[in-house]
Amino acid sequence: MEKQLELQLEMNRNTKASSRTRIKIPWTAIFFLLPSIVVFFVFKYYLIFDAIYISLFNYDIVNPPGKFIGFGNYHEFLVSHTFWVAMKNTFIFFVLSLAMVFWVPIVQALFLSNIKRYNGFYRFLYQIPNILPLVAGTLLWKWMYNPDHGLFNYLLAKIGLGPYGWLNDLHMTKIAIVLPGFFASGGISVLLYYAAIKSISSEIFEAAKIDGCGPWRRMTMLILPNIKFIILIQFVGFMSGVLLSFDNIFVLTQGGPADASLVVALMIQKTAFVQSRFGISAALSFFMFIVIAVLTLIQFRFQREDD
């Protein structure tokens with residue numbers, strides 16, 4: 001009996017010791033993570049809460065925060081025709097980008113994964129375009145779109161076509177803005193897809209070939225289902241980037257012609273820095289934050305249901 005009691009006490013002491021071990025705080029990891037956590041909080045979360053606060057005021061930059069108006073800023077842009085034009089254009093750009101741009105890095109990674117010789121060199125080549133700043137590349141495209149002395153109209157004139165007002169035509173402007181993304185897509189996205197494809201066991205590919213699966217069936221039934229999580233993560237980032245796109249539209253058209261390329265991000269910039277209406281600009285920013293957050297949650301919900 002005494003031996004059983006001693007054994008039980010020893011087991012209790014071991015359990016307490018293991019519990020103390022499990023709750024040991026990794027101070028070294030916290031120390032290295034703390035600077036990035038602080039910076040992330042200051043430049044991300046603080047700005048979000050500050051935007052919410054500013055959106056409730058008719059913000060006066062000289063004597064902040066100005067007059068409290070509650071949800072007046074939200075009501076003002078929600079009943080504005082210009083806002084709904086910008087929202088429609090934003091989602092049209094999203095659909096066009098999804099159709100013309102999003103799938104390109106996946107196809108590039110599929111081809112790259114089948115290249116045996118000089119594979120590392122080709123992967124390096126895909127990263128070179130990232131060296132070119134976005135604004136510089138966009139200015140180059142703006143010159144090529146020039147209706148009088150641009151490269152595209154010059155080449156089309158050689159075969160008896162054109163000239164076209166690429167950025168001045170209401171029906172061509174959106175496609176002309178999205179088209180550079182088709183040729184500039186790639187970069188780190190290609191490497192992420194490539195790494196995901198190469199992580200699939202080669203034995204699975206060999207078994208599929210033995211079973212008679214051709215390249216198309218291997219892609220649709222083997223590769224894409226195994227990399228769908230990477231596709232989801234890339235889609236969420238892609239969606240946020242397109243719905244908040246600003247730089248290329250500002251450089252190419254500044255929202256014209258006749259608001260045909262006006263998007264919400266450009267409307268936020270004009271409201272804040274042209275009209276100096278920072279309250280309604282903050283309200284627009286927070287509204288887009290909510291829209292993107294809801295779409296992201298819906299996407300992750302569908303992903304969990306598929307799993």
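In this predicted model, helix 4, covering residues 81-102, packs with helix 13, covering residues 228-243, at an angle of about 140°. The axes of helix 4 and helix 13 lie 9 Å apart. Helix 4 is therefore oblique to helix 13. The crossing in which helix 4 passes helix 13 is right-handed. On the side of helix 4, the contact is formed by Thr90, Phe91, Phe93, Phe94, Ser97, Leu98, Val101 and Phe102. Helix 13 contributes Ile231, Gln234, Phe235, Phe238, Met239, Val242 and Leu243 to this contact. Sorted by class, the contact of helix 4 with helix 13 holds twelve nonpolar and three polar residues, and no charged residues.

**The nonpolar core**

The largest nonpolar core of the model comprises 56 residues. Within this core, the residues with the most contacts are Phe77, Phe102, Tyr193, Ile223 and Ile227. Helix 4 supplies the largest share of the core, namely eight residues. Ile227, when residues up to four places away in sequence are not counted, touches Tyr193, Ala196, Ile197 and Ile200.

Which residues bring helix 6 and helix 10 into contact? From helix 6 come Asn119, Arg123, Tyr126 and Gln127, and from helix 10 come Ile188, Val190, Leu191 and Tyr194. This contact of helix 6 with helix 10 divides into five nonpolar residues, two polar residues and one charged residue.

Leu191 belongs to helix 10. Its partners, leaving aside neighbours within four places in sequence, are Arg123 and Gln127. Leu191 and Arg123 are 68 residues apart in sequence, while their C-alpha atoms are 7.3 Å apart in space.

**Accessibility of selected residues**

| Residue | Relative accessibility | Class |
|---|---|---|
| Ser281 | 7% | buried |
| Leu191 | 25% | partly exposed |
| Ser276 | 45% | partly exposed |
| Gln254 | 46% | partly exposed |

Is Ser281 buried or exposed? Ser281 counts as buried because its relative accessible area is 7%, and buried means under 20%. Ser281 lies in helix 16, which spans residues 278-306. The residues that Ser281 touches, not counting those up to four places away in sequence, are Ile268, Thr271 and Ala272.

**Loops and backbone geometry**

Gln254 is located in the loop between helix 14 (247-252) and helix 15 (264-273). The phi angle of Gln254 is near 55°, which is a positive value in a residue other than glycine. Apart from its neighbours within four places in sequence, Gln254 is in contact with Ile249, Leu266 and Lys270. Gln254 and Lys270 are 16 residues apart along the chain, and their C-alpha atoms are separated by 9.7 Å.

The loop between helix 14 and helix 15 also holds Pro257. The peptide bond that runs from Gly256 to Pro257 is cis, with omega near -10°. Another cis peptide bond joins Pro64 and Pro65, where omega is about 0°. Pro65 is placed in the loop between strand 1 (57-58) and strand 2 (67-68).

Ser276 lies in the loop between helix 15 and helix 16. As a residue other than glycine, Ser276 has a positive phi, near 60°.

Key:
Residues are numbered from 1 along each chain as its sequence is written. This is a predicted model: local features need pLDDT of at least 70, side-chain atom pairs count only at pLDDT 80 or more; totals for chains, interfaces and linings use all residues. Side-chain values use heavy atoms; hydrogens and water are left out. Axes are lines fitted to C-alpha atoms, for helices over the stretch in contact, and angles run from 0 to 180 degrees between N-to-C directions. Helices (H or I, at least four residues) and strands (E, at least two) are DSSP runs, numbered from the N terminus. Angles under 35 degrees count as roughly parallel, over 145 as roughly antiparallel, 65 to 115 as roughly perpendicular and the rest as oblique. A crossing is left-handed if the near helix is turned anticlockwise from the far one by less than a right angle, and right-handed if clockwise. Contact means heavy atoms within 4.5 Å. Ala, Val, Leu, Ile, Met, Phe, Trp, Tyr, Cys and Pro count as nonpolar, Asp, Glu, Lys and Arg as charged, and the others, Gly among them, as polar. A nonpolar core is a set of buried Ala, Val, Leu, Ile, Met, Phe, Trp, Tyr and Cys residues joined through side-chain atoms within 4.5 Å. Buried means under 20% relative accessible area, exposed over 50%, partly exposed in between (1.4 Å probe, protein chains only).
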